[in-house]
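Open the model in your viewer and keep the selection panel at hand. The stops below are meant to be taken in order.

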Amino acid sequence: MKVALVYTGVTKELTEMVEAEVKKQIGESEVLTLSDPSIIADAVKAGYVTRYCTARLVSMYMDAIHQDADAILNICSSVGDVADSSQALARLTGVPIVRIDEEMCREAVRQGKRIGVMATLNTTLDPTRNTVLRVAREMDKRVEMVDVLVEGGFGLDPSQFLELMAKYAKEIADKVDVILFAQGSMAYAEEHIREVTGKVVLSSPRFGALALRRALEVKGLI
């Protein structure tokens, strides 16, 4: 069994968290890692996911399929719409393309009505908010959204990032039931933010790994 992890940007913390969660859910398997940091860099520069970003991401999906991946986990939430648009392709090839964040968004809707979305990049806020609103409609629930752009958070070292995240999280704690991290790279702050706010805090790696497992179960590989 081979799974492909597709990144648009890679940090040591992110890859370690994702790989640990994937191993926990599916055990020992061959892991194919594909990344193209230029995708997120160009999306941030443009302010949206351009057609060239989309083309490069779909090319990575195709590369994973050519390398005999049984399933693909799309790590970047900023390009979630591309993963959604590629589902027909996934069905035709028999290689599921799983978003890392969709099940996290569903869990947020299960847990509360007022949902705060934290991100360090503007390009990640809209896709995550839209996913929460979509799954809420599918679940026949109404939610209220609070967006939080953690300005200056991108690229900080872990200790500085935790401090900055706590500052922003405390400012919205009284306004939300659930705090959602829009980027998988923020996941290491989950426990700290839960402690300082007393709120339900959700990050995507474990939910993405669980969704990947379910996709492999459907194929009869687990």
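Predicted model: local features only at pLDDT ≥ 70, side-chain atom pairs only at ≥ 80, totals over all residues.

**Helix α1.** Select residues 12-26. This helix has 15 residues and reaches 21 Å from its first C-alpha to its last, close to the 21 Å expected at 1.5 Å a residue. Now colour Leu 14, Thr 15, Met 17, Val 18, Glu 21, Val 22 and Ile 26, which are buried. Look down the axis of α1: these buried residues fall within an arc of 165°, so they line one face of the helix. Lys 12 and Lys 24, on the other side, are exposed. Just after the helix, Gly 27 takes a positive phi of about 75°.

**A pair within α1.** Show the side chains of Lys 24 and Glu 21, which form a salt bridge with the closest N and O atoms 3.8 Å apart. The two residues are three apart in α1, about one turn of the helix. Lys 24 is exposed at 61% relative accessibility, while Glu 21 is buried at 18%.

**Two loops.** Most residues other than glycine have a negative phi. Select Asp 68, in the loop between α3 (51-66) and β3; its phi is positive, about 70°. Asp 68 is exposed, with a relative accessible area of 58%. Then go to Asp 140, between α7 (122-138) and β6 (144-149), where phi is about 60°. Asp 140 is exposed too, at 72% relative accessibility.

Select Glu 103 and Arg 214, whose side chains meet in a salt bridge of 3.7 Å, N to O. This pair links distant parts of the chain, with Glu 103 in α6 (residues 102-111) and Arg 214 in α10, 111 residues apart. Next, select Arg 206 and Glu 190, with closest N and O atoms 2.8 Å apart in their salt bridge. Arg 206 lies in α10 and Glu 190 in α9 (residues 190-197), so the pair ties together parts 16 residues apart in sequence. Glu 190 is buried at 9% relative accessible area, whereas Arg 206 is partly exposed at 31%.

To widen the view, select the network joined by salt bridges that share partners: its members include Asp 84, Arg 99, Arg 134, Glu 138 and Arg 214. The whole structure has 25 salt bridges.

**Last stop.** Select Met 1, Leu 221 and Ile 222, which make a nonpolar surface patch of about 230 Å². Ile 222 sits in the segment after α10 and is partly exposed at 38% relative accessibility.

Definitions and conventions
Residues numbered from 1 in each chain as written. Heavy atoms only, no water. Helix = DSSP H or I, 4+ residues; strand = E, 2+ residues; numbered from the N terminus. Expected span 1.5 Å × (residues − 1). Buried < 20%, exposed > 50% of the residue type's maximum accessible area, 1.4 Å probe, protein only. Arc of directions from axis to C-beta. Patch = residues over 30% accessible without salt bridge, like charges linked within 9 Å, V, L, I, M, F, W, Y side chains within 5 Å. Areas by Shrake-Rupley, 256 points an atom, 1.4 Å probe, with all protein chains shown as cover. Salt bridge = Lys/Arg side-chain N within 4 Å of Asp/Glu carboxyl O.
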